[in-house]
Amino acid sequence: MTTDDPIHTLSEAVNQAMDIAMAEDPDVFALGEDIEDPIGGVMKGTKGLSTKYGRERVRNTPISEQAIVGAAIGASLVGMRPIAEVMLMDFFAVAMDQVANHAAKLRYMSGGRTNVPITIRTSVGGGRQFGAQHSQSLEAWMMHIPGLKVAVPSTPHDAKGLLYSCIFDDDPCIFMETMSLLFTRGPVPPGRFEIPLGVADVKRAGDDVTVVTWGWQVPEALAAAETLADEGISVEVVDLRTLVPLDRDAILRSVEKTTRAVVVHAATQFAGPGAEIASLVGHELFGRLSAPVERLGAAYSPVPYAAELESLHYPERKRIAAAIRAMA
Amino acid sequence: MTVSTTQPVGSGGATDGLTDDAALRIFRTVTTIRSTEDRIIRGLSSGELRMTYYTVRGQEVIPAAICEHLRRDDYMVTTYRGMHDCIAKGIPLDELVAEMCGKVTGTSKGKGGPMHLSDPQSGLMVTTGVVGGGLPIAVGLALSSKLRGTDQVTVVNFGDGATSIGATHEACNLAALWEVPVVFVCQNNQYGEHTKFADYTRSPSLAERFRGYGMEARTVDGNSVPAMHEAAAEAIGRARSGSGPVFLECLTYRLGGHSFGATTEYMDPEELSQAEANEPVGRYRRWLVDQRGIGEDVLADIEASVVSNVEAAVGAAKASPPPGPDELLTDVFSNVEALPR
């Protein structure tokens with residue numbers, strides 16, 4: 001991608017989206033553990049914001065994930081647009097009553113008379129030897145609860161545009177910030193801009209095989225595509241960017257062209273998002289596929305600590321390339 | 001820890017501030033709650049109505065007294081045993097009953113049900129079916145008032161059973177830390193579902209335990225109108241003036257099983273019959289006549305008008321259709337395009 005836009009990390013892009021949203025709308029505020037300066041969030045997402053907007057609007061909380069998410073829900077019910085930070089996605093397990101039973105359902109249970117326009121930002125580990133409780137990619141869990149929208153950016157550009165859209169969306173949005181991508185750099189348009197939720201992006205065009213993926217598997221898939229290009233295999237990489245809403249048309253458009261698809265994700269493969277997408281493709285393009293849809297997800301194990309085992313746990317570029325090679 | 005059901009109402013408590021008008025408004029509210037419950041139980045018993053129902057019998061006074069001090073734009077959160085709170089906060093009776101019956105004219109078009117009553121126009125923001133789940137949300141509602149610089153107060157109701165779950169403690173700690181205008185109303189009805197208070201905690205006093213979070217906390221006879229009226233005035237006034245949260249332990253007694261049709265065999269029959277003999281609506285009625293000199297005819301008129309309102313609400317609910325099939329996938333998201341296909 002060639003652009004004149006300034007280069008920023010994904011973390012800086014996230015920060016810009018929040019900064020712009022808070023400047024535009026006094027109802028936007030942030031809450032979470034250690035998000036005030038000088039820490040500015042353990043992943044630096046809110047760096048500088050409490051200094052700029054004050055500690056009323058960028059507020060530290062105790063280590064209380066249920067209270068963080070619940071307080072965000074309460075304020076949102078009367079029209080505020082809170083950005084809650086749950087430090088690591090694994091900690092959703094302790095906040096899940098608020099996420100699944102309240103945030104996701106209050107619009108429906110009230111017959112549309114209330115709604116929950118919150119954004120929950122969360123860091124997703126993986127590939128960094130953080131062990132089984134700091135490394136899970138739990139998007140399938142979120143997708144399975146009707147009422148939640150789920151965004152997983154893979155570039156600084158997408159992170160800024162998607163987060164801005166999440167903050168001003170009228171439904172609860174889970175915004176997953178992949179730790180291994182947080183400090184990768186890329187062009188980011190200055191000022192306000194949004195990427196609509198539910199619109200995938202073709203990160204690399206190709207003719208032979210489609211890789212459907214998101215988050216930190218996008219650069220892995222792109223690396224695999226680069227390798228395979230040298231072997232004469234043309235790979236198209238579709239970055240879904242949001243899982244709910246799911247851009248079904250983008251998936252089908254690409255696979256209709258290539259007739260082969262691999263779904264790659266860091267979530268557990270068994271009962272993972274790949275199963276839903278494989279089912280969609282198999283059903284809609286039955287008889288037009290040149291190969292069964294392949295899935296590559298995380299192994300059915302807690303995330304192991306030892307680097308040698310952890311590298312076997314998640315899909316990575318070599319195994320993605322091998323899977324594509326086998327079907328091309 | 002027992003409720004002072006045998007003491008005269010208002011013993012030792014000030015009745016200052018409870019005007020005849022307020023006293024009669026409270027009487028109308030508790031009578032509406034009782035009458036609605038009686039009518040629902042009758043309908044459930046005969047098969048005329050069908051719903052899940054959690055009795056509020058014995059707890060009517062608490063929200064009736066509290067809501068005397070709340071404005072329409074103050075917020076309230078309650079639990080599945082919360083029909084009394086919803087009526088007191090002002091959810092229109094027709095919409096409330098229709099919702100409980102799963103009808104399209106209900107507060108949530110019949111999609112929420114008795115455990116999920118809400119009506120933002122009345123300030124009743126959430127009814128949760130998860131014990132303790134409402135407290136963190138109430139902290140957020142109260143935070144919104146603080147951030148926006150309004151003087152709105154949030155009241156969150158919950159049973160004593162909710163004092164054993166984590167969300168409650170996270171919420172109370174956060175509310176005290178942030179000094180948000182919330183009143184935690186613990187309706188201590190002596191039972192967490194089917195377990196007696198003394199069988200699930202060694203705490204002698206909940207007010208004592210929650211005072212440890214650094215907030216004002218007190219115990220009040222939740223079955224006494226003057227005592228509740230006075231305690232609510234103080235707590236809500238404190239929150240409204242910006243002095244932070246208050247925890248009110250309102251002692252009461254659940255005059256029935258956990259839910260309609262559930263057994264009461266774990267309840268002490270003698271204690272239950274004594275509590276029934278001193279049940280708060282009848283007790284309040286006697287007090288109005290004996291201590292306040294309110295005429296029997298005045299109360300009878302109120303009761304007759306309430307019964308007729310309740311009957312009209314039930315009739316309207318029965319006549320209302322259920323939500324249509326198009327409602328199934330409506331209100332999942334703000335935009336239908338977001339629904340997976």
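Q: How far apart do the C-alpha centres of domain 1 and domain 2 of chain A lie?
A: In this predicted model, chain A is divided into domain 1 (7-187) and domain 2 (201-327). The separation of their C-alpha centres is 26 Å.

Q: Which elements of chain A give two or more residues to the side of domain 1 that touches domain 2?
A: The contact between the domains involves 25 residues of domain 1 of chain A and 24 residues of domain 2 of chain A. By class, the domain 1 side holds twelve nonpolar, ten polar and three charged residues. The elements that supply two or more residues to this side are α6 (139-143), β6 (149-151), α7 (156-168) and β7 (173-178) of chain A.

Q: Which element gives the most to the side of chain B that touches chain A?
A: Between the chains, 37 residues of chain B are in contact with 40 residues of chain A. At least two residues of the chain B side come from each of β2 (124-128), α5 (134-148) and α6 (166-178) of chain B. The chain B side is made up of 19 nonpolar, twelve polar and six charged residues. With nine residues, the element that gives the most is α5(B).

Q: Which residues touch the most other members of the largest nonpolar core?
A: The largest nonpolar core has 190 residues. Domain 1 (7-187) and domain 2 (201-327) of chain A each contribute at least three residues to this core. The members that touch the most others are Val139(B), Val183(B) and Leu248(B).

Q: With which residues is Val183(B) in contact, leaving aside its neighbours within four places in sequence?
A: Val183(B) belongs to the largest nonpolar core. Once neighbours within four places in sequence are set aside, its contacts are Val153(B), Val155(B), Ala235(B), Ile236(B), Ala239(B), Pro245(B), Val246(B) and Leu248(B).

Q: Why is chain B as compact as a globular protein of its length?
A: Chain B contains eleven helices and eight strands. For 341 residues the globule rule gives 20 Å, and chain B is as compact as a globular protein of that length because its radius of gyration is close to that value, at 20 Å.

Q: What percentage of the contacts in chain B with a separation of 6 or more is accounted for by residues 24 or more positions apart?
A: The C-alpha atoms of chain B fill a box of roughly 65 × 50 × 40 Å along the principal axes. Of its 341 residues, 52% count as buried. Among contacts with a separation of 6 or more, the share from residues 24 or more positions apart is 76%.

Q: What does helix α4 of chain A span between its end C-alpha atoms?
A: Helix α4 (residues 92-103) of chain A has twelve residues, for which a straight helix at 1.5 Å a residue would span 16 Å. Its buried residues are Phe92(A), Ala95(A), Asp97(A), Gln98(A), Val99(A), His102(A) and Ala103(A). Between its end C-alpha atoms, α4 spans only 13 Å.

Q: Where does Pro245(A) lie, given that a cis peptide bond joins Val244(A) to it?
A: The cis bond between Val244(A) and Pro245(A) has an omega of about -5 degrees. Another cis peptide bond joins Asp37(A) and Pro38(A), with omega about 10 degrees, and Pro38(A) is in the loop between β2 (28-32) and α2 (49-53) of chain A. Pro245(A) lies in the loop between β12 (242-244) and α9 (248-258) of chain A.

Technical notes: Residues are numbered from 1 along each chain as its sequence is written. Chains are lettered from A and ligands numbered from 1 in the order in which they are written. This is a predicted model: local features need pLDDT of at least 70, side-chain atom pairs count only at pLDDT 80 or more; totals for chains, interfaces and linings use all residues. A nonpolar core is a set of buried Ala, Val, Leu, Ile, Met, Phe, Trp, Tyr and Cys residues joined through C-beta atoms within 7 Å. A residue is buried if 20 or more other C-beta atoms lie within 10 Å of its own, exposed if 12 or fewer, and partly exposed in between; C-beta atoms are placed from the backbone. Domain bounds come from an automatic or database domain assignment. Two residues are in contact if their C-beta atoms, placed from the backbone, lie within 7 Å. Helices (H or I, at least four residues) and strands (E, at least two) are DSSP runs, numbered from the N terminus. The expected span of a helix is 1.5 Å times one less than its number of residues. Ala, Val, Leu, Ile, Met, Phe, Trp, Tyr, Cys and Pro count as nonpolar, Asp, Glu, Lys and Arg as charged, and the others, Gly among them, as polar. The radius of gyration is taken over C-alpha atoms; the globule rule is 2.2 Å times the number of residues to the power 0.38.
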